[in-house]
Amino acid sequence: MSEEEFPQKILNSLEELKTDVAKSNEKFEVYRQTTQSLVNLAFGLIASATIITVVSSVFKR
């Protein structure tokens, strides 16, 4: 490898690393959004079940 090829090879490697980091950030953002959606769904289901239980108890009397 000549002295001229070495800096170009380093730059290419850094560009690949930058691309990998960007992909990792995208994956993390999708994971975060999915986790938030699941938390919201679980909270909604728990709240709905609680409301149904309370309403059922009130109307049985």
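Which residue forms a salt bridge with Glu29? Arg32 does, and the closest N and O atoms are 2.7 Å apart. A salt bridge here is a side-chain nitrogen of Lys or Arg within 4 Å of a carboxyl oxygen of Asp or Glu. By this rule the count is one.

This is a predicted model, so local features need pLDDT of at least 70, side-chain atom pairs count only at pLDDT 80 or more, and totals for chains, interfaces and linings use all residues. Residues are numbered from 1 along each chain as its sequence is written, and side-chain values use heavy atoms, leaving out hydrogens and water.

Start with the fold. Helix H1 covers residues 5–60, and Ile10 is found in it. Val55 lies in helix H1 as well.

Now the overall form. The C-alpha atoms fill a box of roughly 90 × 10 × 5 Å along the principal axes. The radius of gyration is 27 Å, whereas a compact globule of 61 residues would have one near 10 Å. That radius is taken over C-alpha atoms, and the globule rule is 2.2 Å times the number of residues to the power 0.38.

What share of the 61 residues is buried? The figure is 0%. Buried means under 20% relative accessible area, exposed over 50%, and partly exposed in between (1.4 Å probe, protein chains only). Val55 counts as partly exposed because its relative accessibility is 37%. The chain exposes about 5900 Å², and carbon and sulfur atoms supply 64% of that. These areas come from the Shrake-Rupley method with a 1.4 Å probe; for residues, only the protein chains shown count as cover.

Arg32 and Glu29 are three residues apart in helix H1, so about one helical turn separates them. Arg32 is partly exposed at 40% relative accessibility. Glu29 is partly exposed too, at 32%.

Last, the nonpolar surface. Phe6, Ile10, Leu11, Leu14, Leu17 and Val21 form a nonpolar patch with about 570 Å² of accessible area together. Patch members have over 30% relative accessible area and no salt bridge; like charges are joined within 9 Å, nonpolar side chains (Val, Leu, Ile, Met, Phe, Trp, Tyr) within 5 Å. Ile10 is partly exposed, because its relative accessibility is 38%.

Terms used
Helix = DSSP H or I, 4+ residues; strand = E, 2+ residues; numbered from the N terminus.
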